[in-house]
There are 2 protein chains.
Amino acid sequence: MTGTAFVVGVGTTKFEKPGSRAWQYWEMAKEAGGAALADAGIGYDLVEQAAVGHCHQSSTAAQRAVYELGRTGIPVYNVNNNCATGSTALAMARRFVASGADDCVLALGFEKMAKGALGAGADSGDFAASPVARHYGIMAARHGFAATPPTAQLFGNAAREHMERYGTTREQLAAVGEKNHRHSAANPRAQFQDVYTLRDVLGSRTVHDPLTKLQCSPTSDGAAAALVASERFVRAHGLQGRAVEIAGQALATDTEETFASGSCIDVVGRPLSRAAAGRAYRESGLGIEDVDVVELHDCFSVNELLTYEALGMCAEGDSGELAASGATTYGGRWVVNPSGGLISKGHPLGATGIAQCAELVWQLRGEAGGRQVADARVGLAHNIGLGGAAVVTLLRR
Amino acid sequence: MTGTAFVVGVGTTKFEKPGSRAWQYWEMAKEAGGAALADAGIGYDLVEQAAVGHCHQSSTAAQRAVYELGRTGIPVYNVNNNCATGSTALAMARRFVASGADDCVLALGFEKMAKGALGAGADSGDFAASPVARHYGIMAARHGFAATPPTAQLFGNAAREHMERYGTTREQLAAVGEKNHRHSAANPRAQFQDVYTLRDVLGSRTVHDPLTKLQCSPTSDGAAAALVASERFVRAHGLQGRAVEIAGQALATDTEETFASGSCIDVVGRPLSRAAAGRAYRESGLGIEDVDVVELHDCFSVNELLTYEALGMCAEGDSGELAASGATTYGGRWVVNPSGGLISKGHPLGATGIAQCAELVWQLRGEAGGRQVADARVGLAHNIGLGGAAVVTLLRR
């Protein structure tokens, strides 16, 4: 690539329980996109392309959504990568800009999800068609299945495997739920703002043992937007003070190795996340030791643990201890999911990856209010979609 | 952009009536993608990204499909722009390469459509969410609606408007159906290979007056693939003799002007097609006078007429006369839809735009067999999706 790309404006809606607010996806998109333009202080007429992510809307929902911001005839792409859709749209926008093709591209993501239809993050239609389905038989034989959503079963079984292999405890898994719900209390855009004790988390309804409800992301509606711009654009519009650099970014999909594995931990994506992180570190010249704040894909508590290991925050097997130690909350080595994460902020599939970026931009600019991470200079976003892709992004102010 | 992009390999399946062959979308994709790799004489391990178009499959169908070719961990994008999906994937691949970011990108498109579920090209769910729906009320008041698919109504009403405004005749419209069915007789990959008289076309069942069945694209299954590569890649792999240059390409979406219009002709996309063509001509330095062979989006006969006008092949209103004159078939000024077009080759939404590219590559290389256009040096592809985008591509050998 020939240049550097910067995030110059971000915006999100509050994430909401489906059905709790009467809005259409294009209304969400207008709210988030308009907020991103206002944040950058630029008009929509400067946007040269729009990469728009959603999983459950129609074939031209991207157009329907961006036309609320303006009708300027620019190229618009409908993009989908399951739960990694938002960061995939962001990666497209970044590539278009970093390669010198464009100076200002809108990444937009939204989802209006069916109430209660999707369990915890991905529907069975997606699941059935994904390579993950190939492993279903192996896991069914090993662990048995209950009448819970497939994703909850997959991640629940990965949690059991982690407990068996590494001695991880239920309390360590629940510590992630406790932390992320606590963090969200300072996030007015989060779907929930309720604080729970570890005992509350452990005692909430079992979704797929060992995962309890307060360790699972809910079904959510919402939208998020980010404007990605070239260095030339940043200078021309005097945005140096607010622009955040995308220092590295990588999108990884399955390899023969992950296909061949019979491990639930591999199937739900630890190797994919490690691969994406490794490439993003190499591209940026940054390492996990440089990172201050992390927004990662805690669709279930166990995935936060697996991602600690994939990002190099600890050795394989040590993530339960890390979570319980306080090292990933305020006052610790990193603050992970200051927004509340998917577990408490919510998880509208198309929006999630861009909302992670928005939170990091606010953190790196020092605009995160009651959830500000002190002196945050480097942020890492991690977004993964089962059967789709893992995307890791490094942001630097 | 910093460089030129070339198509170095293409492949398609035969297009088929849904249900007539027991295959899954990933089997189609493997067949088309494998053919494109074989055509280029390169291995899948050289592919750096995959832009994959489909409208009706799941959120991770792109991954499911490309994994049949290899599991190398590369970025994979699920892309959708309704009936313009294939060319949108191609445009992404071209941008990634032309901007210097990649040396070899796979554009892949496929569709496994529900038998009889989609009428002639787009489903009502897409339609309902598209900006086109805003015009539905206007047209219903002007023309009335029957129990036919919305797209057939929209294009049928555009045909009526063309007849009223310009004196276009039913015979001129039917001439497009006659020509494209005749062309497909030489295309073993076409869904149909039957020749009809003008009287046959006029006498076939009325879908939405004045459009008869033999002037409408069918519902189809199928896949198509194109490998897009940099000049450096072409030289390194000795592909100079087979590479076809993408000399210009543009993707246009709606503007305030098209939104405001109450004309069916505008609503179905003549202004969008004109905008995309104008940008592609400017970028390439080529004009319609340089073009020898055209593959255009004849979802209905009337759209071939509207596109003649949008591409500058004749003045507005003169397209009926042009079609009836023989100027757009073998021996005429241009050969339009030598493949049989959407009307007779078929229209699997995600594949169509890439299959147009494949036909032009074969024509420009002189490999089109019984449907070869003599001494073809410049080809133009035109693909449009209602509510989505118009994409025009200029290919040069």
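This is a predicted model: local features need pLDDT of at least 70, side-chain atom pairs count only at pLDDT 80 or more; totals for chains, interfaces and linings use all residues.
Helix 12 of chain A crosses helix 13 of chain A in a right-handed manner.

**Helices 12 and 13 of chain A**

- Helix 12 (residues 270–284) of chain A packs against helix 13 (residues 301–311) of chain A with the axes 8 Å apart and an angle of about 40°.
- On the side of helix 12 of chain A, the contact is formed by Arg270(A), Ser273(A), Arg274(A), Ala277(A) and Tyr281(A); helix 13 of chain A contributes Leu306(A), Glu309(A), Ala310(A) and Leu311(A).
- By class, the residues of this contact between helix 12 and helix 13 of chain A are five nonpolar, one polar and three charged.

**Helices 12 and 13 of chain B**

- In chain B, the axes of helix 12 (residues 270–284) and helix 13 (residues 301–310) come within 9 Å and cross at roughly 40°.
- That angle makes helix 12 of chain B oblique to helix 13 of chain B.
- The crossing of helix 12 and helix 13 of chain B is right-handed.
- Arg270(B), Ser273(B), Arg274(B) and Ala277(B) of helix 12 of chain B meet Leu306(B), Glu309(B) and Ala310(B) of helix 13 of chain B.
- The contact of these helices of chain B comprises three nonpolar, one polar and three charged residues.

- Strand 4 (residues 104–111) of chain A is mostly covered, and eight of its eight residues are buried.
- In a regular strand, side chains alternate between the two faces of the sheet.
- Both faces of strand 4 of chain A are covered: one side carries Cys104(A), Leu106(A), Leu108(A) and Phe110(A), the other carries Val105(A), Ala107(A), Gly109(A) and Glu111(A), and all of them are buried.
- Strand 2 (residues 49–53) of chain A pairs with strand 4 of chain A in the parallel sense over five bridges.
- Strand 7 (residues 222–230) of chain A pairs with strand 4 of chain A in the antiparallel sense over eight bridges.
- Gly109(A) in strand 4 of chain A is the bridge partner of Gly53(A), and Gly109(A) also stands opposite Ala224(A) in strand 7 of chain A.

**Ala32(A) in helix 1**

- Ala32(A) belongs to helix 1 (residues 25–40) of chain A.
- With a relative accessible area of 0%, Ala32(A) is buried.
- Setting aside residues up to four places away in sequence, Ala32(A) touches Gly11(A), Thr12(A), Thr13(A), Ala223(A), Ala224(A) and Ala225(A).
- Ala32(A) and Ser217(A) are separated by 185 residues in sequence and by 21 Å in space, C-alpha to C-alpha.

**Cis peptide bonds**

- In chain A, Asp209(A) and Pro210(A) are joined by a cis peptide bond with omega of about 10°; Pro210(A) lies in the loop between strand 5 (206–208) and strand 6 (211–212) of chain A.
- In chain B, the bond from Asp209(B) to Pro210(B) is cis, with omega near 10°; Pro210(B) lies in the loop between strand 5 (206–208) and strand 6 (211–212) of chain B.

**Positive phi angles**

- Asp375(A) is not a glycine, yet it has a positive phi of about 55°.
- Asp375(A) sits in the loop between helix 16 (349–365) and strand 11 (378–385) of chain A, and it counts as exposed at 55% relative accessibility.
- Asn82(B), also a residue other than glycine, has a positive phi near 60°.
- Asn82(B) sits in the loop between strand 3 (76–80) and helix 3 (85–98) of chain B, and it counts as buried at 1% relative accessibility.

Technical notes. Residues are numbered from 1 along each chain as its sequence is written. Chains are lettered from A and ligands numbered from 1 in the order in which they are written. Side-chain values use heavy atoms; hydrogens and water are left out. Helices (H or I, at least four residues) and strands (E, at least two) are DSSP runs, numbered from the N terminus. Buried means under 20% relative accessible area, exposed over 50%, partly exposed in between (1.4 Å probe, protein chains only). Contact means heavy atoms within 4.5 Å. Axes are lines fitted to C-alpha atoms, for helices over the stretch in contact, and angles run from 0 to 180 degrees between N-to-C directions. Angles under 35 degrees count as roughly parallel, over 145 as roughly antiparallel, 65 to 115 as roughly perpendicular and the rest as oblique. A crossing is left-handed if the near helix is turned anticlockwise from the far one by less than a right angle, and right-handed if clockwise. Ala, Val, Leu, Ile, Met, Phe, Trp, Tyr, Cys and Pro count as nonpolar, Asp, Glu, Lys and Arg as charged, and the others, Gly among them, as polar. Two strands pair if DSSP finds at least two bridges between them.
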